Amino acid sequence: MINYMAKTQFFFYDIEPQIKEGKTFDFLEKFKTIQKEKKENKIKSFDIGSHRVCIVVGEKDIIEDDDEVYILGKFIASEDKDNFREENRGDFYDIELSEEDSKICYIEKGALFFLMYIDKKTNKNVLMFEAVNFSIGIGGFRTYFREKYPDDIEGITTEQKLGRDLKSELERVSNSGLKLARIRVNRDITKEQLKGKGIIEKAGALLTDKNIDCELVFRFRKGKTTFFSFLSGIFHKEDVTDLMRTEFGDIFRTFSFQLDNTATPKFNFFDKVFKYELPVTKIEHIDKESNIFENILLYFKENKEDILSQE
């Protein structure tokens with residue numbers, strides 16, 4: 001059962017295009033094109049696995065001055081690309097209210113809200129992106145641009161802002177004995193993403209089966225495995241600093257641990273990473289999406305210096 005009353009969370013990413021030799025790519029220009037497609041009802045969508053995705057930017061949702069730009073938009077993903085209709089218009093309804101033959105995805109996972117910040121002076125781009133465990137997410141966002149502009153870019157790179165405190169916390173518990181680990185991967189995980197992920201890769205057939213919602217639970221003998229040695233076996237990192245360059249949200253939706261450490265008996269990565277929680281429930285404001293956009297825009301502006309300085 002989906003918990004519609006859960007708080008909506010946003011993670012933060014440094015985001016850059018991998019531009020092909022001899023080509024140019026400007027995020028602002030591309031988003032203005034996407035905005036125009038919405039206005040002319042010519043929204044372009046792409047298939048990613050079993051999903052059909054598009055990006056929608058409203059007529060007033062690009063806010064620009066001489067120094068910086070804020071772009072407010074929705075990343076839309078249908079879990080049934082053969083019945084992609086309401087999503088293509090950017091219109092969303094609860095599944096019970098859709099037409100009988102319209103297999104619309106759930107409202108909570110259909111439209112992911114985002115804010116894109118562009119600093120015109122430094123060319124720095126920061127993405128504030130909604131995290132929803134049940135839907136295709138930041139990986140789909142990257143794939144959308146690669147599919148839409150294949151002549152201009154090799155792809156899009158994103159580096160999640162994990163927060164300054166996470167490194168010190170990891171250092172503090174890295175040598176703690178590991179008692180239990182609970183891991184659930186994203187539903188759109190691929191075999192390629194699981195390659196080289198140690199013990200998790202062994203469960204690849206189950207984890208990539210779209211009909212199975214699989215949770216991995218590992219229990220460890222006391223004193224046999226440390227927290228960091230387990231992580232190193234998955235990510236092949238040599239120290240905590242290297243772990244800070246890992247995008248946990250790309251792969252995991254649950255990544256929590258019980259430790260043999262009296263000061264920190266539990267460690268949940270998604271409680272530690274830098275994020276923002278919407279103070280209102282999304283389900284109650286989806287019909288007034290301007291409320292959501294105003295909220296995330298205000299938060300970003302009031303906390304811009306802190307957001308930009310996060311590692």
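1. Asn41 comes after helix H1 and has a positive phi, near 55°. Helices here are DSSP runs of H or I with at least four residues, strands are runs of E with at least two, and both are numbered from the N terminus.

2. The model is predicted: local features need pLDDT of at least 70, side-chain atom pairs count only at pLDDT 80 or more, and totals for chains, interfaces and linings use all residues. Residues are numbered from 1 along each chain as its sequence is written, and side-chain values use heavy atoms, with hydrogens and water left out.

3. Asp26 caps the N-terminal end, with a side-chain oxygen 3.0 Å from the backbone nitrogen of Leu28.

4. Which residues of H1 are buried? They are Phe27, Leu28, Lys30, Phe31, Ile34, Gln35 and Glu37. Buried means under 20% relative accessible area, with a 1.4 Å probe and protein chains only.

5. Four strands form an open antiparallel sheet, in the order S10-S9-S11-S12. Strands pair if DSSP finds at least two bridges between them. S10 (216-219) and S12 (266-268) are the edge strands; each has a single partner, so one side of each lacks a neighbour in the sheet. On average, neighbouring strands are turned by 10° against each other, direction ignored (axes are lines fitted to C-alpha atoms).

6. S11 (residues 252-260) pairs with S12 over three bridges, in the antiparallel sense. Ser256 has Asn268 of S12 as its bridge partner.

Terms used: Axes fitted to C-alpha atoms, helices over the stretch in contact; angles between N-to-C directions. Buried < 20%, exposed > 50% of the residue type's maximum accessible area, 1.4 Å probe, protein only. Polar contact = N/O pair within 3.5 Å; in protein donor to acceptor, adjacent residues only side chain to side chain.
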